[in-house]
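Dear colleague,

Please find below the structure that I am handing over to you, together with its sequence.

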Amino acid sequence: MSVIEVRGLKKVYRRLRGGSTVAVDGLDLVVEPGGVYGFLGPNGSGKTTTIRCLLGLARPTEGTCKIFGEDSWTSLHRVISKVGSIVEAPTAFPNFSGRRNLELLAGIYGLPRTDVDKALETVGLRDRAKDLAKTYSLGMKQRLAIAGALLKDPELLILDEPANGLDPAGIREVRDLIRRLGAEGRTVFVSSHLLSEVQQFCDEVAILSRGRSVAAGPVKEVLSHGRGAAMLLRIADEDQAIAILTAAGIAAVRHDSYLRVEIAPTEGARVSETLAGAGLYPIELKADEVDLETVFMELTETLQEASS
């Protein structure tokens, strides 16, 4: 059974002065158990609205959202004990300690204090548990919020922009934590507009633009939607290198401070041998790696051209 299943989701918000805004437009999404699933796109692409529909906080205009096979709007109560979540900006009582904040939440859930200790240990806040929440850094506050979402020991963890507003150190803390949680066997569904960052810890991704999915699947598969495999070459005499490679049937063009050689990285030795035969030697030769941000820009440009 899929952990998350979204079919034909559409959410339209009506404006007070007339008109409407389409936040999500016919979205399909399936998340299988285990690992970290990245739900990616710029601000305003429909990520938070989709999460709100998944958690029964907003009613779909069209389509369905299911968690563990149960409809999010009509029967989420049957599986909500398996779900932990953070939607939009997390909050805490600033004049209470981190531990007291979690104890209050555990009391609502009817959970023992031992679960609080376990959650604090998991997010690395045990040594700061007695400190007031207002003394925490943004990264620590985000980890405290994740600890709250972990109190029920959920099978599914839904995190909406957990690295939003954090400095590089805070982003790294949250990234490492999410990676560990996914490795434990949980399903972690994390939304973010930081495409280059989440590429480092996601197993699968879906990329949204204007409420639609423009690519979805394993990270390596989604990256294959980008420009074709190639290598980047740095060499002293670029003109001669281009001429030699072209004569050998290998296309090469200038790309920033490199020559972009249209050849698969597995055939890199052929480039070196061809140049060495003419007495030229590369300063640097590496794969032209495509990141999610590049793929996103290419896919959205294609989408815009198709709709214009």
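**The sheet and its helices**

In this predicted model, four strands form an open sheet in the order 12-13-11-14, and their pairing is antiparallel. The edges are taken by strand 12 (252-255) and strand 14 (284-287); each has a single partner strand, so one side of each is left without a neighbour in the sheet. From one strand to the next, the twist averages 30°.

Strand 11 (residues 231-234) is paired with strand 13 (residues 258-261) through three bridges, in the antiparallel sense. Within this pair, Leu232 lies opposite Arg260 of strand 13.

Two helices pack on the sheet. Helix 8 (residues 238-247) touches strand 11, strand 12 and strand 13, and its direction makes about 150° with that of strand 12. Helix 9 (residues 268-276) touches strand 11, strand 13 and strand 14, and its direction makes about 160° with that of strand 14.

**Helix 3**

I also examined helix 3. Which of its residues are buried? In helix 3 (residues 113-123), these are Val116, Ala119, Leu120, Thr122 and Val123. Viewed down the axis of helix 3, the buried residues fall within an arc of 160°, so they line one face of the helix. Their cover includes helix 2 (98-109), helix 4 (138-150) and helix 5 (168-183). After helix 3 comes Gly124, which has a positive phi, near 75°.

Yours sincerely

Technical notes:
Residues are numbered from 1 along each chain as its sequence is written. This is a predicted model: local features need pLDDT of at least 70, side-chain atom pairs count only at pLDDT 80 or more; totals for chains, interfaces and linings use all residues. Side-chain values use heavy atoms; hydrogens and water are left out. Two strands pair if DSSP finds at least two bridges between them. Axes are lines fitted to C-alpha atoms, for helices over the stretch in contact, and angles run from 0 to 180 degrees between N-to-C directions. Contact means heavy atoms within 4.5 Å. Buried means under 20% relative accessible area, exposed over 50%, partly exposed in between (1.4 Å probe, protein chains only). The arc is that of the directions from the helix axis to the C-beta atoms.
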